[in-house]
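Here is a brief report for a first look at this structure.

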Amino acid sequence: MNSRERFLAVLAGEIPDRVPIVPVVDGYFAPKVIGRANDECYLDGACLADALAASMTEFGYDGAIAEMGLGPEPSVLGCPVEIEGNDVPLVVETIVGGRDDLENLIIPDPWSGGKMEPVERLVAAVGADQAVLGSVRSPFEYAATVRGLVEFMTDFYRDPGFVHDLIDAVRPATVKLAEALADAGVDAVVLKDSFASTSMISPDHYREFAFPSECDAIAEIAGRIPVILHICRNSMPILADMARTGAAVLEIDSPVDLAAAKAAVGSAVILKGNIDAVTVMEKGGAADVEAAVEAAMGAAKAGGGFILSTGDSIPRPAPEANLAALVEFGERYGNY
Amino acid sequence: MKGTLEKFELAIIDGNADGSADLADVIVAEGRATPAEIFAHLSSAMEEVGAKYETGEYFIPEMLRSAEAVEKAMSVLETYLFERKDGQAGIVVMGTVKGDIHNIGKNIIVSALRAAGYEVHDLGVNVSAKKFVDKVKETGADLLLLSAFTTSTKPALLEIIALLKTEGLRDRVKVLSGGASHSQAFADEVGVDGFAADVKSTLEVCRRLMGES
């Protein structure tokens, strides 16, 4: 069974030869593997694709995360983006000051400005034997980005109707991008909804604002490509809701008790997670990685429906040896 | 029966912005409360909001709702508090350091400092070392307040201190770092003159540092 077959078998509800290993290696960590700065790679699509491919070749995990480049005019739905050195891209200006700005929102063509080039290049480089995942922001996350997180979350009480309208207005950006990623040949798409975490908003607000928009977006996407729903930090109080969104896989972060999550969702969805990207991968050593991987396998491997991953993006300062250890111990403890 | 200041504190905890502004009007009309009493209730309210966040009763939107209640109240109280000052308390440059976009705590501190008589230049969030240093140079600031929510911002703080030294400004401006995760050990590591984790201690440390300058 090759890497891609292993990943697709899990998506199909089958038990593979071993648990697939698909850590969140993106543009935050991968450029280090080829000795390049993060800003160089985000601004040069070929560099970004080559870094992501090189990392997968170097460490031998089963699936890569394809990231879009920033293109010649870095922006998110018209919000200017800056990146410097080994940071990650950061939105520096918001564009929705109020309801009047909704009609001026422009949903960009994902294929414009060369932003999809790294995805196509990575898919071509990886070939048919390994899986490639794409990633898109959720409507809730896009809305927070164009409005500004503080104003957006203040609106929850100030003007909840506006929050719903804003989320509806940006949903086509999520859907169009997911469709473009499917056209580019990725095997699944990660729907990132980081701000929907119950480390940030209450379960009630999740159900009022984020959950319906996840369901709507996934209903439009899932016919084309399987969806992996990612929510950072704690998502335990909303896990049962997440399992009803239509996502094939839930990518859960380290604060969630993996065994409890498995018990909560049963075989309804696949779980992907949840090695701590900071405490274990960045700050820990090989022994910490081994202990975390063994515990994760013990909690979620049985009966299938599990993909070993980090809970979030591996930070650039993480030692490369820890990623090698993740794969080594994932292979050792992941066999069926 | 609760007094005006107790009701004011509750309005902030409940995130009732209209209520906190109305009660601020009452505080001004009554004219009895001292700035120290007002700040004590303000700090107590924000501590309670923080406690509710820690226990999972409040989340970010609820904290923001309370922050908005503080801002609305402070817009009413600023004049009342300023009238009790004998001129400018000092010039402050403040912002959230690069890589960090948290602005709730910073905004509250900015309001409190202005109310306490400081001239505050708020640079916003995700501010580069160069912007901080340029503003210190331009304004001749007495105090530079660096808001940093987590200790992962240490490289950004170190960069600012290094640039102040390069520009020959380090001895001319007192530097204070602030954030919920800050400690004396962290302040010592990054080389700032003081640290604070809340509104009350920020005002105290600012007063102390101004006395030393």
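## Nonpolar cores

A nonpolar core is a set of buried Ala, Val, Leu, Ile, Met, Phe, Trp, Tyr and Cys residues joined through side-chain atoms within 4.5 Å. Buried here means under 20% relative accessible area. The model is predicted. Its largest nonpolar core holds 105 residues. Within that core, F152(A), L250(A) and L308(A) touch the most other members. Helix 8 of chain A, residues 160–184, gives the core its largest share, 13 residues.

What does L250(A) touch, leaving out residues up to four places away in sequence? The list includes L229(A), L239(A), M242(A) and V265(A). I270(A) and K272(A) are also among them.

Another core lies apart from the largest one. This other core has 46 residues, including I13(B), A17(B), V70(B) and L113(B).

## Where the chains meet

Chain A brings 17 residues to the contact, and chain B brings twelve. L90(A), V150(A) and Y157(A) supply 37% of the area that chain A buries against chain B, more than any other three residues. The area buried between the two chains is about 1300 Å². Carbon and sulfur atoms give 65% of that area.

## Polar links and makeup

The interface of chain A and chain B has one salt bridge. In a salt bridge, the side chains of R158(A) and E68(B) meet at 2.9 Å, N to O. Four residue pairs are in polar contact between the chains.

On the side of chain A that touches chain B, helix 7 (149–158) and helix 9 (203–221) each give two or more residues. Helix 7 gives the largest share, six residues. By class, this side has nine nonpolar, five polar and three charged residues.

How values were computed:
Residues are numbered from 1 along each chain as its sequence is written. Chains are lettered from A and ligands numbered from 1 in the order in which they are written. This is a predicted model: local features need pLDDT of at least 70, side-chain atom pairs count only at pLDDT 80 or more; totals for chains, interfaces and linings use all residues. Side-chain values use heavy atoms; hydrogens and water are left out. Contact means heavy atoms within 4.5 Å. Buried area is the accessible area (1.4 Å probe) that two parts lose on being put together, summed over both. A salt bridge is a side-chain nitrogen of Lys or Arg within 4 Å of a carboxyl oxygen of Asp or Glu. A polar contact is a pair of N or O atoms within 3.5 Å; within protein, one must be able to donate a hydrogen and the other to accept it, and residues adjacent in sequence count only if both atoms are side-chain atoms. Helices (H or I, at least four residues) and strands (E, at least two) are DSSP runs, numbered from the N terminus. Ala, Val, Leu, Ile, Met, Phe, Trp, Tyr, Cys and Pro count as nonpolar, Asp, Glu, Lys and Arg as charged, and the others, Gly among them, as polar. Buried means under 20% relative accessible area, exposed over 50%, partly exposed in between (1.4 Å probe, protein chains only).
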